[in-house]
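Subject: Structure handover

Hi,

Here is the structure I promised you. Please open it alongside this note. My findings follow below.

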Amino acid sequence: MSITYLEAIQAAQDRALGEDDSVYIYGQDVGSFGGAFKATKNLAAKYPGRVIDAPISEDAMVGSAVGATAEGMRPVLEMQFADFSTIAINQICNQAATQFWRTGIPCPITVRLPSGGTEGGGPFHSQSMEAIYAQYPGLIVLTPATVEDAYSMLLEAIAIDDPVVFCEHKYLYYHLKADQLPDQNLPVGKARIARAGKHATVVTYSAMVHEALRAADELAEEGWDIEIVDLRSVKPIDTDTILASVARTGRLLCVSEAFPWGGVNAEVISRVTSEGFHLLDAPPKRLNAKDTPIPFHPDLWKTHRPASQSIAASLRDLLRY
Amino acid sequence: MAEANIKEGKEPLCESGSHYQAAFRYMLLARIFEERTASLYRAGKVVGGVFMGKGQEAFSVGLALALDQSRGDVYGPLIRDQAGRLAFGEALIDAARTYLGSVEGPMRARDGNVHRGDILKGMIPMISHLGSHISVVSGRLIGKRFRGQKDIVGGVCLGDGATSTGAFHEALNQAAIEKLPLVIAVADNQFAYSTPSERQFACADLVDRAIGYGIEGHSVDGTDLSLCLETFAKATARARAGHGPQLVVGHLLRLCGHGEHDDAAYISEEKKQGAFGRDCIEVARQHLIDSGWSTSDEIEQWTSEIQQQVEEATLCAQRESGPDPFQETWQALATTRLAEGLIEGSPGQ
Ligand SMILES: Cc1ncc(C[n+]2csc(CCOP(=O)(O)OP(=O)(O)O)c2C)c(N)n1
């Protein structure tokens, strides 16, 4: 049996609906149609009345989910694309994220964001929004890079008593396959060493983990051993695992598909320089998408975002220092 | 106008002496409390701001008294709903504590003034962003529907300005699709801060929007307590009986500044003298006397009792401690294991 990243997301929702009758799914076209990407395929029929089509009203989708949690529900929301969650930012960042701190009453909603670029996606169907949400107190932001993580972390997201922004990468939906779904996995909040090495550390997450792995293969042929840390969760960030890796390698490259200003890369570099400055043998580097909207044409898009070649080139610079 | 939709069924007339008296006393309590809070603000004892519901008490109390907290009804008040909050069941001391920054208050001094509520008791703690609490009330109704709870109504309050938000539109449309038992009370007080209604919307009466959403609408003179009680009783009964969302627009005038920092010099004399410029409390007081339900001596008696009650609440809240930054958890997550700063090895605080 082989299962894709997308199927893992469907399976996690299937299991959550089956195990907990307070779970329901709400999003555009998620009902009998099964969602724009089919992440809720067959679920409406299997769980009548619990997989509900929403109007194109991201604000009201999230606002109503927040209200439903007060009645003991655990809503799972699907944004059709991460990009459209901007319409819901107020409800996510000001309503959901502030509730526990203001009132002591938890707000367990999960907001699924089909994220990241694909060929031909263009400026408004390609964005990576994790840093925007991570900036707000009161949210947990997850960025699974593997089929196993997509499954176990989504189940954990639904069980967590806080609002979770679940950034699932569209490029990985069909490209990534696993033999089976995991019974056990690392918990949310722990990073994973995706590849062990000793000459430099790449800290990355989501689809970029796979680009970094390819870059590491390339560098291995040149005699370099690259360690890759897959953050899994960008908020919280597992600073421990990052520092331990930098302690082993002395060199750090951060890679993210998001826009360059601020963000996860900047956060990781800031933590490493302030807490692990003495561990560094070279100035830390970062690689992001370019500071323009995301281009439509595949040739432009491939250059806009980091990819194995640009990661390999950055690593060579870092190793030469 | 959408009101024309509502013909069938004579709802029981809610106007009885005792009901009217009870409503009036909440109005008076709200007015006197807010005036006291405003003077504490001017004396520098209240920080942030004070936002009064002066002139809107009848409309506010109308909705809240039509709801029943004990059966599970939900209430989403906004800035000018002190009267409604009290009528729905808020303890006066909780209002005083939140204004005065007591840690004993429902928001533990983490939030202030009108940004308070009690989720477990069905009162939504509004955030500032106008329009965003409507869908939260809807969500509670959706949650209750999942839980099989029946005959429940949600009431939500806002001003004319908030009807211009995308959140308002999304929420009304969503509530209409889901046929939720939601009563939306719009207090058209002719101003949003300093912006007059003609710069806010271009329809003749905001109730006309009900038609576009496919919901029932009611328009009422918000300065007349009898009409407010009656209209909300009717709208709430319709919602409870499964007729879907009810939009109730009250026509009135804000008889104060936007907040106590604002002298509202932009409100013209003409508006103040206009049909909706009268003070609903004076109108109700007169009605109590004219109908023989109360004497002016009795009303005087209530007033001094209420003054006493307000004095006690504000004094008590003032005596209580404010928050201690060193006792704060500084934790925004319910899941302690995942709170940044507490994770092993993450930046120490
Ligand atoms: C989305 C949003 N924009 C701006 C504000 C700032 N603001 C607070 S109250 C207010 C006026 C509100 O007018 P209205 O809705 O008519 O209510 P009223 O104050 O008249 O009761 C404004 C502009 C806000 N709170 N929320």
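First, the interface. Please keep in mind that this is a predicted model. Chain A and chain B bury about 4,000 Å² between them. Carbon and sulfur atoms give 57% of that area. Three residues stand out on the chain A side: Glu71(A), Trp101(A) and Arg102(A). Together they supply 22% of the area that chain A buries against chain B, more than any other three residues. In terms of contacts, 56 residues of chain A meet 45 residues of chain B.

Now the ligand. The space that the ligand takes is the second largest pocket.

- Ser128(B): a backbone N or O atom lies 2.9 Å from a nitrogen atom of the ligand.
- Asp160(B): a polar side-chain atom lies 3.3 Å from an oxygen atom of the ligand.
- Ala162(B): a backbone N or O atom lies 2.9 Å from an oxygen atom of the ligand.

How much of the ligand does the protein cover? On its own, the ligand has 580 Å² of accessible area, and the protein covers 69% of it.

For a quick look, start with Ala162(B).

Best wishes

Key: Residues are numbered from 1 along each chain as its sequence is written. Chains are lettered from A and ligands numbered from 1 in the order in which they are written. This is a predicted model: local features need pLDDT of at least 70, side-chain atom pairs count only at pLDDT 80 or more; totals for chains, interfaces and linings use all residues. Side-chain values use heavy atoms; hydrogens and water are left out. A polar contact is a pair of N or O atoms within 3.5 Å; within protein, one must be able to donate a hydrogen and the other to accept it, and residues adjacent in sequence count only if both atoms are side-chain atoms. Accessible areas come from the Shrake-Rupley method with a 1.4 Å probe; for residues, only the protein chains shown count as cover. On a 1 Å grid over the protein atoms alone, a cavity is a set of points where a 1.4 Å probe fits but cannot get out, and a pocket is an open set with protein on both sides within 12 Å along at least five of seven lines; lining residues have an atom within 4 Å of a point. A molecule sits in a cavity or pocket if more than half of its atoms lie within 2 Å of its grid points. Contact means heavy atoms within 4.5 Å. Buried area is the accessible area (1.4 Å probe) that two parts lose on being put together, summed over both.
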